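Please look through the chain before reading on. The questions below take up a few of its residues and elements in turn.

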Amino acid sequence: MKTSDISASITLVILFFGLAQATRTKFFSVKSQNVTTKFAPEATDGICSSMVETRGYTCEEHTVTTQDGYILSMQRIPVGQSGGTPGNRPPVLLQHGLLMDGITWLLLPPEQSLAFLLADTGFDVWLANTRGTKYSRQHTSLSPGDPAYWNWSWDELVKYDLPATIQYVHDLTGQKLHYVGHSLGTLIALASFSKDQLLNLLRSAALLSPIAYAGQMTSPLARNAAENYVAEGLSKIGIYEFDPTGQGVIKVLKSICGKPGVDCTNLLTAFTGKNCCLDPSIVNVFLEHEPQSTATKNMIHLSQMIREGTITMYDYKDEDANREHYGQPTPPIYNMTSIPSDFPLFLSYGGADALSDVKDVKLLLGSLKDHEGDKLVVQYRDDYAHADYVMAENAKQDVYDPLMAFFKLQ
């Protein structure tokens, strides 16, 4: 069996396990699938043409190259659906989470999706796509078939991807940005802020399902994968790209989700916690575009956080290797108490979230206890889980409207 087949099979087993546990329905299993490696998309195939312009919005495709050679795709929605004059609108950068891409912010109808709402409210909207995702798979010297292409974790997103995208928008617009992150998009922002990086280019940040600490994460799939060293096992057998998008897997899941009486929001529940407010049809939309690849090394790094309850740089589990990379025997800590107390932050977290667990969020809030009172807004939604923040039918009223009001005050 090919290593890509093994990866697809493992992913399918995990997804089916979660779905079967949630629905108590027995499904057949697939032992192997042929997985087609994703290459750089055709010029005519992009997020603008497939997800934005079809909804009646102006959209621009941009690329930015990181200092370590990754060529990242970005999309800009400069004006709202009713048009208007571009320029002098406050820019806002939207950063997606793990195994997602910029389409995260476009899955809902225009009157419910955060990207479109921001554009219609007078913001200059930018979508980021991290390295390894469908539209950010190019590099100045490497291809996704090279193991070296996947030699990164979220440390490199903090060091390279986030600075490149923020600097690009700042330089092109001539303005400081607002920032919105979801899940992993909050982690890389918080890590950056803790090192006092990029804050001179930003007006404020909104963090949805914030993740800094992950030691009390309750997601059974994420915790079991971490505690059983699944990502480390994949790395040892030479799987450096963590790719959950084998076409056979997606085809089977879409087939199942299309059957009468099958609510595939349960598929997400097994990973994210019980989302309160998803339309069942959203899973089919999700499967049209997501999930996306990441580096297996990135999954190892996140697993370390879950097992150890720490927020440090990648641990090579060898003192000499750590010294080689960091000049010390243990990986450096990202100190959340170092985030400047006068930087405006909006945090929203959910009581049903199994990935951004309430106890872990409270650890983060404890680190921010000295934040200036008028610079920190904390919203708690008792019924929200992880996916609700980007796919809930009522997110506009419950989260996005307060978020946009916060931005307008900064």
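Helices and strands here are DSSP runs, helices of at least four residues and strands of at least two, numbered from the N terminus. The model is a predicted one.

Q: Between which strand and which helix does the loop with Ser209 lie?
A: Ser209 belongs to a loop, and the elements on either side of that loop tell us where to look.

Q: Is Ser209 buried or exposed?
A: A residue counts as buried when its relative accessible area is under 20%, and as exposed when that area is over 50%. The relative accessibility of Ser209 is 0%, and therefore Ser209 counts as buried.

Q: Which side chain is joined to that of Ser209 by a polar contact of 3.0 Å?
A: Ser209 touches several residues beyond four places away in sequence, including His182, Ser183, Thr186, His386 and Tyr389. Asp353 is also on that list, and the side chain that makes the polar contact of 3.0 Å with the side chain of Ser209 is that of Asp353.

Q: How many residues of helix H5 are buried?
A: Helix H5 spans residues 184-194, and its buried residues include Leu184, Thr186, Phe193 and Ser194. Thr186 is also one of the residues that Ser209 touches. Helix H5 is largely enclosed by the rest of the structure, because the number of its residues that are buried is 11 of the 11.

Q: How many residues apart are Cys48 and Cys59, which a disulfide joins?
A: A disulfide is a covalent bond between the sulfur atoms of two cysteines. A search of the whole structure finds two disulfides, and one of them joins Cys48 to Cys59 with an S to S distance of 2.0 Å. This pair links distant parts of the chain, with Cys48 in helix H2 and Cys59 in the loop between H2 and strand S1, and the two cysteines are 11 residues apart.

Terms used. Residues numbered from 1 in each chain as written. Predicted model: local features only at pLDDT ≥ 70, side-chain atom pairs only at ≥ 80, totals over all residues. Heavy atoms only, no water. Buried < 20%, exposed > 50% of the residue type's maximum accessible area, 1.4 Å probe, protein only. Polar contact = N/O pair within 3.5 Å; in protein donor to acceptor, adjacent residues only side chain to side chain. Contact = heavy atoms within 4.5 Å. Disulfide = S-S within 2.5 Å.
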